[in-house]
Amino acid sequence: MIYCKDRIIFVTKEDHEAPSNAELIEDDPNDPYEDHGLILPNGDINWNCPCLGGMASGPCGQQFKDAFSCFHYSKEEVKGSDCVENFQSMQECMQKYPELYPQEDDNDSAPSGGADTAPTDSVPTSSPDSTPATTENPAAS
């Protein structure tokens with residue numbers, strides 16, 4: 001069954017000169033194809049939501065749906081803690097298709113210069129011959 005929400009009407013110049021006789025149809029609040037966001041009014045997941053970025057389709061769409069559904073309906077104290085296997089299955093599938101599901105580069109998540117060069121307010125330094133000293137970070141002042 002094909003569902004078409006919108007109707008295309010072609011008009012001529014003469015049609016534009018006459019007053020419109022188009023009838024507008026009130027939106028159906030129970031229309032499953034209406035834009036409701038990620039969660040439909042009945043609590044179900046809207047797999048057509050553009051917010052999912054197409055993750056529900058493609059070669060790993062079923063694994064994504066299984067993992068996301070498990071998380072959404074999870075009743076565990078730590079929500080989704082019962083869904084680890086589903087997310088592992090989804091991740092394994094996605095790793096088979098790196099061109100469709102690129103992984104974030106590890107360097108993107110670390111600050112520039114790497115984790116070893118993260119600024120600190122003070123860094124204790126000492127040498128074997130001296131008493132401990134503290135070097136202040138001028139950027140923190």
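## The Cys60–Cys93 link

Cys60 and Cys93 are joined by a disulfide, with their sulfur atoms 2.0 Å apart; the term is used here for a pair of cysteine sulfur atoms within 2.5 Å. This is a predicted model, in which local features need pLDDT of at least 70 and side-chain atom pairs count only at pLDDT 80 or more, while totals for chains, interfaces and linings use all residues. Residues are numbered from 1 along each chain as its sequence is written, and side-chain values use heavy atoms, with hydrogens and water left out.

The angle about the S-S bond of Cys60 and Cys93 is -90°, a left-handed link. This pair ties together distant parts of the chain, 33 residues apart: Cys60 lies in the loop between helix H1 (13-17) and helix H2 (61-73), and Cys93 sits in helix H3 (residues 84-95). Both Cys60 and Cys93 are buried (buried means under 20% relative accessible area, exposed over 50%, partly exposed in between, using a 1.4 Å probe and protein chains only).

## The other two disulfides

The structure holds 3 disulfides. Another of them joins Cys70 to Cys83, with an S to S distance of 2.1 Å. Its angle about the S-S bond is -90°, so the link of Cys70 and Cys83 is described as left-handed. Cys70 is buried at 17% relative accessible area, and Cys83 is buried at 0%.

Cys49 and Cys51 also form a disulfide, their sulfur atoms 2.4 Å apart. With 130° about the S-S bond, this link is right-handed. If you number the bonded cysteines in sequence order, the pairing reads 1-2, 3-6, 4-5.

## The overall fold

The protein has 4 helices and 2 strands, arranged along the sequence as α-α-α-α-β-β. Helices (H or I, at least four residues) and strands (E, at least two) are DSSP runs, numbered from the N terminus. Of the 141 residues, 16% are buried.

## How confident is the model?

The mean pLDDT of the protein is 75, and 61% of its residues reach 70 or more; pLDDT is the predictor's confidence in each residue, from 0 to 100. Over residues 109-128 the pLDDT is below 50, and this stretch has 18 contacts in the model beyond near neighbours in sequence (a contact means heavy atoms within 4.5 Å). Residues 130-135 also have pLDDT below 50, with 11 such contacts.
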